[in-house]
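Below is a short briefing on one model.

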Amino acid sequence: MTRLKLDDAGLETLVEAFYARLRADAELGPIFNDAIDDWPHHLEKLTAFWSSVMLTSGRYKGQPVPAHMKHRDRITPELFDRWLGLWEQTTDELMEPDAASALQAKAARIAESLQLALFFRLDRKVA
């Protein structure tokens with residue numbers, strides 16, 4: 001099997017395959033399917049996001065934190081781990097090994113950052 005390269009065409013194929021898998025997932029699928037009305041548009045946006053992140057293309061113009069904050073009541077840290085597990089599996093299967101590793105490392109940093117934005121709250125009690 002020919003592995004995908006880390007370019008716009010490879011990222012588009014990866015994003016489509018990953019989100020097809022995610023939409024069928026018992027835990028993640030219902031959350032994403034409820035949140036997204038227009039999958040073709042969303043997949044284009046996600047491909048642009050990964051192109052911007054990995055290829056510095058500047059194609060993505062969105063704001064991930066506010067987009068995820070809207071769904072904070074349904075998102076848990078465990079679901080981030082599940083998302084990352086599916087991402088790792090899909091990137092390992094489809095991408096060249098170096099590209100898969102780079103995508104996995106970037107996704108882990110993004111997940112950590114999003115979780116901090118969604119869940120971290122300073123305790124405001126003064127002793």
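Helix H5 (residues 77-94) holds both Trp83 and Trp87, which sit four residues apart, about one turn of the helix. Helices here are DSSP runs of H or I with at least four residues, and strands are runs of E with at least two, numbered from the N terminus. The model is predicted: local features need pLDDT of at least 70, side-chain atom pairs count only at pLDDT 80 or more, and totals for chains, interfaces and linings use all residues. Residues are numbered from 1 along each chain as its sequence is written, and side-chain values use heavy atoms, with hydrogens and water left out.

**Aromatic rings**
- Rings of Phe, Tyr and Trp (its six-membered ring) pair if their centres lie within 6.5 Å; planes under 30 degrees apart count as stacked, over 60 as edge-to-face and the rest as tilted.
- The count by this rule is ten aromatic pairs.
- Trp83 and Trp87 are a stacked pair, 5.3 Å centre to centre with 20 degrees between the planes.
- Trp83 is buried at 15% relative accessibility, and Trp87 is buried at 1%; buried means under 20% relative accessible area (1.4 Å probe, protein chains only).
- Ring pairs link a cluster whose members include Phe18, Tyr19, Trp83 and Trp87.

**Fold**
- The protein chain has six helices and zero strands.
- Among contacts (heavy atoms within 4.5 Å) between residues at least 6 apart in sequence, 72% join residues at least 24 apart.

**Burial and extent**
- Of the 127 residues of the protein chain, 35% count as buried.
- The C-alpha trace spans about 60 × 30 × 25 Å along its principal axes.

Methods. Buried means under 20% relative accessible area, exposed over 50%, partly exposed in between (1.4 Å probe, protein chains only).
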